[in-house]
There are 2 protein chains.
Amino acid sequence: MTTLQGRDTAHTVRSYEEELNHLANVVMRMGGQAEAQLASAVQAVLRRDSELATRVVVADARIDEMEQEVHAFTVRLLALRQPMADDLRAIVGALKISADLERIGDYAANVAKRALVLNQLPPVPAVSGLPSMARMVQEIINDILDAYIEKDVEKALQVWRRDEEVDDLHTSLFREVITYMMEDPRNITACTHLMFMAKNIERIGDHATNIAETIHFLVTGKALPLRRPKGKAETDLNPPVVD
Amino acid sequence: MTTLQGRDTAHTVRSYEEELNHLANVVMRMGGQAEAQLASAVQAVLRRDSELATRVVVADARIDEMEQEVHAFTVRLLALRQPMADDLRAIVGALKISADLERIGDYAANVAKRALVLNQLPPVPAVSGLPSMARMVQEIINDILDAYIEKDVEKALQVWRRDEEVDDLHTSLFREVITYMMEDPRNITACTHLMFMAKNIERIGDHATNIAETIHFLVTGKALPLRRPKGKAETDLNPPVVD
């Protein structure tokens, strides 16, 4: 009787662990997809590659499905395993992180949709400001996924602090784009798309910051008590006024 | 012994119900706050009332706190009550809905921040398009909160379908604003803020749609199988091209 119970417990523990690993793996795969979608969307803008942009738009459905998968799996785990403490936080954390990754995917897809429109308009010079901002956000996504899998709070906090740099880059890009619009009204349509693209990439950075907060909670059991960092200029609220 | 257990169980059941009610109440109160913040933000734009706008920006912290409260309470309930089936879905649903409400609050605060900037610039006529869009989204938020408290899937689905109307209104507002920018470059700065305000309000509508999906899951136990409705013009991706 004891042996049987012992075996049963061991079996249950192992398969529960496997389930938790599976959950983390799906979240990581979602993260990888979101990362790839952002990279491709930015490439589609820079190379004016409408075929690539279309692929990004279509592939977004896969990330949406993965979020549904995480959601369903999470609810099943909560019901069947009735987890406590660390495990409970890992499960609730996965649910929250997958929601952020789904939004990141949406924003990348929106960048790609706007690339399709931009590719039908004459090129504007402002596109040159976008890659450095995108590169920074891509690094941030990469680091936050590392922090998640390594349960590294310090790395998560580094990402959290870097959001300010993204906001500052966004502000200067925004100002540049406004200037192009004022110089030549024919740039306005293309520039509004650039503005929203930059905003999307900035929002992706915000979601990485959310994920950093979730990792902090997941590892330490406590919410981050600090106020979120904000770029000096409270991002894009101070465009140049010209008349 | 049996009596004591009996009493204990009855007590536990009642207090568990009370806890679930408390959770729903906090979510509703968050909803009420988010609704009020949106209404005030729009008023601040229309009346050019910077004092009101400042109040909205400051009050956003309260909604953020309430989300933290829901999060902490949810994790506690999951750990202590080990809920199953309906209760589990109610708890996970509250967690998701509170995240959407927090974002709605953020967008309302961003509208208010932009109102502060707009109030320092000469008025642009385009502001007239904003109230009808805002009114529709306010109705939608009101209806989705009703649907949540009444667990009314049909009402939730009505909200879900109305997102298309918001997207169409947003598209026409967007086109109008672009036209003002082209007519007079001195309008550009104010108009970019209007564009982002309209975008924020459209996003608030998207979050109401998310909440509709969560209510569907919460009541029926199934994810909505349908694709999200989209406005005819895939919202603001087809601005007029003028040269």
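A: **Helix packing in chain A**

In this predicted model, α3(A) packs against helix α6 (residues 188-220) of chain A, with the axes 9 Å apart and an angle of about 170° between them. That angle makes α3(A) roughly antiparallel to α6(A), because angles over 145 degrees are counted that way. Sorted by class, the residues in the contact of α3(A) with α6(A) are 22 nonpolar, eight polar and six charged.

Helix α3 (residues 85-118) of chain A also packs against helix α2 (residues 50-81) of chain A; their axes come within 9 Å and cross at roughly 165°. α2(A) is therefore roughly antiparallel to α3(A). The crossing of these two helices, α2(A) and α3(A), is left-handed. Their contact has 18 nonpolar residues, along with six polar and six charged ones.

On α6(A) there is a further contact, with helix α4 (residues 130-150) of chain A: the two pack at an angle of about 20°, and their axes are 10 Å apart. Because angles under 35 degrees count as roughly parallel, α4(A) is roughly parallel to α6(A). α4(A) passes α6(A) in a left-handed crossing. From α4(A), the residues in this contact include A:L130, A:M133, A:V137, A:I140, A:I144 and A:Y148. On the α6(A) side, they meet residues among them A:L194, A:M197, A:I201, A:E202, A:G205, A:I211 and A:L218. By class, the contact of α4(A) with α6(A) has 19 nonpolar residues, one polar and one charged.

**From chain A to chain B**

Two copies of a chain are related by a rotation about an axis and a shift along it. Here, chain A is superposed on chain B by a rotation of 180° with 0.0 Å of shift along the axis, and the RMSD is 0.0 Å. This is the relation of a two-fold axis. The residue of chain A that comes closest to the rotation axis is A:Q82, whose C-alpha is at 2.7 Å. Of the interface residues of chain A, 100% are also interface residues in chain B, so the copies meet through the same surface.

A search of the whole structure finds three aromatic pairs over all chains. In one of them, A:F174 and B:F196 have ring centres 6.0 Å apart and planes at 50°, so this pair is tilted. A:F174 belongs to helix α5 (residues 153-183) of chain A, while B:F196 belongs to helix α6 (residues 188-220) of chain B, so the pair joins two chains.

How values were computed: Residues are numbered from 1 along each chain as its sequence is written. Chains are lettered from A and ligands numbered from 1 in the order in which they are written. This is a predicted model: local features need pLDDT of at least 70, side-chain atom pairs count only at pLDDT 80 or more; totals for chains, interfaces and linings use all residues. Side-chain values use heavy atoms; hydrogens and water are left out. Axes are lines fitted to C-alpha atoms, for helices over the stretch in contact, and angles run from 0 to 180 degrees between N-to-C directions. Helices (H or I, at least four residues) and strands (E, at least two) are DSSP runs, numbered from the N terminus. Angles under 35 degrees count as roughly parallel, over 145 as roughly antiparallel, 65 to 115 as roughly perpendicular and the rest as oblique. A crossing is left-handed if the near helix is turned anticlockwise from the far one by less than a right angle, and right-handed if clockwise. Ala, Val, Leu, Ile, Met, Phe, Trp, Tyr, Cys and Pro count as nonpolar, Asp, Glu, Lys and Arg as charged, and the others, Gly among them, as polar. Copies are superposed by least squares on the C-alpha atoms of residues with pLDDT of at least 70 in both. Contact means heavy atoms within 4.5 Å. Rings of Phe, Tyr and Trp (its six-membered ring) pair if their centres lie within 6.5 Å; planes under 30 degrees apart count as stacked, over 60 as edge-to-face and the rest as tilted.
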